[in-house]
Amino acid sequence: MSLANQLTRKNIQGLVPYESARRTMSGGRIWLNANESPFANAYELDDSVYNRYPDFQPADLISSYAAYANVEKNQVLAGRGADEAIELLVRTFCEKDEKILICPPTYGMYAISAETCNIDVVKVPLKSDFTLDIPAIEQAQKEHKIKVVFICSPNNPTGHLVSATQIKQVLNIFASSAIVAVDEAYIEFAYENTVAGWINKYANLAVLRTMSKAFGLAGIRCGYTLANKDIIESMSKVIAPYPISWPVAQIATQALSETGLARMHSQLAIILEQKNKVQQALDSLDYVYEQLPSASNFIMFRTKQKQGLFKYLVDNGILIRDYSKQVLLDDSLRISIGSAEETQALIEAMQAFKAE
Ligand SMILES: *Cc1c(COP(=O)(O)O)cnc(C)c1O
């Protein structure tokens, strides 16, 4: 064992890092494996401020997030992506003997952030219809010291929305004992379902948002948390002193301007149109025996040919993601929706694939 290994904290020694699409993939020309936007947009930068540290929370950016989400400015915390907010919640609210609760299959970073902080994870799997198992969550609340609950809606990787009724049930179960974080990374694809409007009513609600998906800004790392001002104040004690660089603040602010939002909405419409095409194509393929409903920019489907298909697509330069080892996701592959050209290439390849 190397010296570094010996000195590494025990919980980190055994940790398997998040297998991001970018870490695990190799080659390919069409990337449909990380739910990114196919659109890269241009921005204008003012470099006259780069010699100065950025504002802790850049004022223009906070105003833009608040206006977009229809909340007060003191109900917003800007950070380096929704991933940073996930870790901040764990570091801000969990004492060392306390736990987080997740409902797999769901986004992998909740468990990894907890594990890096040496916080245990209570798993209450979704039911077979992919809804939350409310009685089991209630039971878990009684049995464990749970401090943060992560609910992802629309859920990555399944694409399902969690119903407003179920989210309220979870908020009520943990009303006096835990923060309930609703991860809305994909909410732009089903915006009428946002729960951001509830932050004044539920003292334990935090809503996680990102610029990485619908806004096409995964490469600059920016996201934000919406919650009542007391939650935001607590998280502000833990976040780094200069979390948002000037270029990131400028780009995200422009993305949230009137023209930025109009562009996002027109690109969203194109993505939804392509999603429709992929859904129809999946319906017509004999070797696909189920596809899950999707309120997002990706589709999960099942095929007995998953290995062969996955390899065939890789051989044709198309990268998708294999989820078949996860609970409830036997035989499942996930496709992110790309541009019209990428969708065309994907559908042609899937039609050309000869099932065994
Ligand atoms: C992509 C994703 C994130 C991470 O967002 P960043 O802002 O890029 O860190 C968080 N949650 C879910 C569910 C995601 O799919």
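## A buried loop residue

F130 counts as buried, at 9% relative accessibility (buried means under 20% relative accessible area, exposed over 50%, partly exposed in between, with a 1.4 Å probe and protein chains only). Its phi is near 70°, a positive value in a residue other than glycine. F130 sits in the loop between β4 (120-123) and α7 (134-143). Helices (H or I, at least four residues) and strands (E, at least two) are DSSP runs, numbered from the N terminus.

This is a predicted model: local features need pLDDT of at least 70, side-chain atom pairs count only at pLDDT 80 or more, and totals for chains, interfaces and linings use all residues. Residues are numbered from 1 along each chain as its sequence is written, and side-chain values use heavy atoms, leaving out hydrogens and water.

## Other loop features

R221 also is not a glycine, and has a positive phi of about 60°. It lies in the loop between β7 and β8. R221 is partly exposed, with a relative accessible area of 35%.

A cis peptide bond joins P104 and P105, with omega about 0°. P105 is in the loop between β3 (99-102) and α6 (109-116). The bond from S153 to P154 is cis too, with omega near -5°. P154 belongs to the loop between β5 (146-152) and α8 (164-173).

## Helix α9

Helix α9 spans residues 229-238, and its buried residues are I231, I232 and M235. Seen down the axis of α9, these fall within an arc of 95°, so they line one face of the helix (the arc is that of the directions from the helix axis to the C-beta atoms). They pack against β2 (76-79), α5 (81-93), β6 (179-183), β7 (205-210) and β8 (223-227); contact means heavy atoms within 4.5 Å.

## The open sheet

Four strands form an open sheet in the order β9-β10-β13-β12, with antiparallel pairing. Two strands pair if DSSP finds at least two bridges between them. The edge strands are β9 (288-291) and β12 (321-322), each pairing on one side only. Two bridges join β12 to β13 (residues 332-336). D322 has L333 of β13 as its bridge partner.

## Around the ligand

A backbone N or O atom of A82 lies 2.6 Å from a ligand oxygen atom.

Definitions and conventions
A polar contact is a pair of N or O atoms within 3.5 Å; within protein, one must be able to donate a hydrogen and the other to accept it, and residues adjacent in sequence count only if both atoms are side-chain atoms.
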